[in-house]
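Dear colleague,

Here is the structure we spoke about handing over. My notes on it follow below.

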Amino acid sequence: IDMGYHYGAELTQSVRVPAPYMPLFVRADGDDANNGRSSATAWRSLRTAGMRAVAGSTVIVAPGRYVETG
């Protein structure tokens, strides 16, 4: 970040930085108490991933059977 003053800069100028790639993991043998940030700490349910993911997240779902309940 450069917070210095720059001659010729307009107040309307902005910088667009893409959100970092942040994968979240779901495995049938995971645990919803985990943080979902790696395959080793994957969540168990698709619902948990959907509730905890934020805009720009990528949810990686491992093969398996997922029985979701309401």
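In the protein chain, 29% of the contacts with a separation of 6 or more are between residues 24 or more positions apart; a contact means heavy atoms within 4.5 Å.

This is a predicted model, in which local features need pLDDT of at least 70 and side-chain atom pairs count only at pLDDT 80 or more, while totals for chains, interfaces and linings use all residues. Residues are numbered from 1 along each chain as its sequence is written, and side-chain values use heavy atoms, with hydrogens and water left out.

The protein chain has one helix and two strands, in the order β-α-β from the N terminus. These are DSSP runs, numbered from the N terminus: helices are H or I of at least four residues, strands E of at least two.

Of the 70 residues, 19% are buried (under 20% relative accessible area; exposed is over 50%, partly exposed in between; 1.4 Å probe, protein chains only). The chain exposes about 5900 Å², and carbon and sulfur atoms supply 56% of that (Shrake-Rupley method, 1.4 Å probe; for residues, only the protein chains shown count as cover).

Ser57 lies in strand β2, residues 57-61. A polar atom of the Ser57 side chain is 2.9 Å from the backbone oxygen of Val54. Leaving aside residues up to four places away in sequence, Ser57 touches Met22 and Leu24.

There is one salt bridge (a side-chain nitrogen of Lys or Arg within 4 Å of a carboxyl oxygen of Asp or Glu). Arg27 and Asp29 form it, at 2.7 Å, N to O. Arg27 counts as partly exposed because its relative accessibility is 23%, and Asp29 is exposed at 56%.

Regards

Technical notes:
Polar contact = N/O pair within 3.5 Å; in protein donor to acceptor, adjacent residues only side chain to side chain.
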